[in-house]
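Keep the viewer open while you read.

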Amino acid sequence: MKTVEIVFSPTGGTQKVVDIIANKWGYEIAKIDLSDPDEKFDQCQINKDDNVIIAMPSFGGRAAKVAIDRLGKINGNNARCTIVCVYGNRAYEDTLVEMQDAATQSNFVVTSAIAAIAKHSIINQYAANRPDESDKKQLGEFADKIKDKKDAVSFVPGSRPYKKSGGASLVPKPDKNCIKCDICVNSCPVKAINTTDLKADPSKCIGCMRCVAICPHEARVVNKAMVSVAALAIKKACSQRKDNELFI
């Protein structure tokens, strides 16, 4: 038996949450990176007795389409799984139920669901330093509760049909510090950045902020005025600390 992490984590917050759960279980860990556009997902092997964690961030209350599409290429072989959506302390809305549907369609048995908090990928002052020690303790307790659960989850919050998915309104671009090292080009989950001027194609960019997070020269930026407007718009929703949630 092993733990299989099937994760879309552009800026690392989702992966931090997954690692807390997987390390608590103590099994050998295998990883499938849904952010890798070159991965052959239809060739990934899942054994029926594996403990699977499927994790994605919530983008505006929905799962990223590219992550859902790539998950759809994996055959779950009736393995039991925990779905985990990670959000920046605003709301996750239909993300979990969308993930549940996608996992079920890929022949996984969804036995539990977790909504967890990590630092907001765009507006970093929200949920800063999370997951923190309190989160780690709570997520560890969740992991103990679901480690051996085999029956399907009884309830996952969200609505069908899902809320309308918004496009990427904040598209990062290079600034004067860019040295054209191409790290952003090679790490973009959707290959949206061209090699000529290092600009992202707005029709491809999903606003995941991977390029901003990974740039060693801090040379990828988003429009500060638009970020300020967005921060103000969600200030009320993000002002009170939210707890992680477990659904079994």
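Asn78 counts as partly exposed, because its relative accessibility is 47%. In this predicted model, Asn78 sits in the loop between helix 2 and strand 5. Its backbone is worth a look: Asn78 is not a glycine, yet its phi is positive, at about 65°. Asn77 lies in the loop between helix 2 and strand 5 as well, and Asn77 too has a positive phi, of about 55°, without being a glycine. With a relative accessible area of 36%, Asn77 is partly exposed.

As background, most residues other than glycine have a negative phi, and most peptide bonds are trans. Asn107, which follows helix 3, also has a positive phi, near 70°. There are cis peptide bonds to inspect too. One runs from Arg130 to Pro131, with omega near 5°, and Pro131 belongs to the loop between strand 6 and helix 4 (133-146). Another runs from Arg160 to Pro161, with omega near 0°. Pro161 is found in the loop between helix 4 and strand 7 (173-174).

| Site | Feature | Value |
|---|---|---|
| Asn77 | positive phi | about 55° |
| Asn78 | positive phi | about 65° |
| Asn107 | positive phi | near 70° |
| Arg130 to Pro131 | cis peptide bond | omega near 5° |
| Arg160 to Pro161 | cis peptide bond | omega near 0° |

Pro131 leads on to helix 1. Ile20 lies in helix 1 (residues 13-25), and Pro131 is among the residues that Ile20 touches beyond four places away in sequence, along with Lys136, Leu139 and Gly140. Is Ile20 buried or exposed? At 17% relative accessibility Ile20 counts as buried, because the cut-off for buried is under 20%. The C-alpha atoms of Ile20 and Gln138 are 9.9 Å apart in space, although 118 residues separate them in sequence.

Leaving aside residues up to four places away, Gly60 touches Arg90, Glu93 and Lys163.

Now for a charged residue under cover. Asp50 belongs to the loop between strand 2 (28-33) and strand 3 (51-59). Its relative accessibility is 1%, so Asp50 counts as buried. Which side chain does Asp50 join in a polar contact of 3.1 Å? The partner is Lys2. Beyond four places in sequence, the residues touching Asp50 are Lys2, Val4, Ala79 and Arg80.

How many of the 11 residues of helix 3 are buried? The count is nine, and helix 3 (residues 95-105) is mostly covered. The buried residues are Thr95, Leu96, Val97, Glu98, Met99, Gln100, Asp101, Ala102 and Ala103. An α-helix has 3.6 residues a turn, so residues three or four places apart point the same way. The cover over the buried residues of helix 3 includes strand 3, strand 4 (62-63), helix 2 (65-71), strand 5 (80-87), strand 6 (109-117) and strand 9 (245-247).

Stepping back to the whole protein, its secondary structure comes to eight helices and nine strands. The radius of gyration is 18 Å, close to the 18 Å that the globule rule gives for 248 residues, so the protein is as compact as a globular protein of that length. Its C-alpha trace spans about 55 × 40 × 35 Å along the principal axes.

Of the 248 residues, 49% are buried. Among the contacts with a separation of 6 or more, 82% come from residues 24 or more positions apart. The accessible surface comes to about 12,300 Å², and carbon and sulfur atoms account for 48% of that area. As for charge, the protein has 36 positive and 29 negative charges, and their mean positions are 5 Å apart.

How values were computed. Residues numbered from 1 in each chain as written. Predicted model: local features only at pLDDT ≥ 70, side-chain atom pairs only at ≥ 80, totals over all residues. Heavy atoms only, no water. Helix = DSSP H or I, 4+ residues; strand = E, 2+ residues; numbered from the N terminus. Buried < 20%, exposed > 50% of the residue type's maximum accessible area, 1.4 Å probe, protein only. Polar contact = N/O pair within 3.5 Å; in protein donor to acceptor, adjacent residues only side chain to side chain. Contact = heavy atoms within 4.5 Å. Rg over C-alpha atoms; globule rule 2.2 N^0.38 Å. Areas by Shrake-Rupley, 256 points an atom, 1.4 Å probe, with all protein chains shown as cover. Lys, Arg positive; Asp, Glu negative; His and termini not counted. Charge placed at Lys NZ, Arg CZ, Asp CG, Glu CD.
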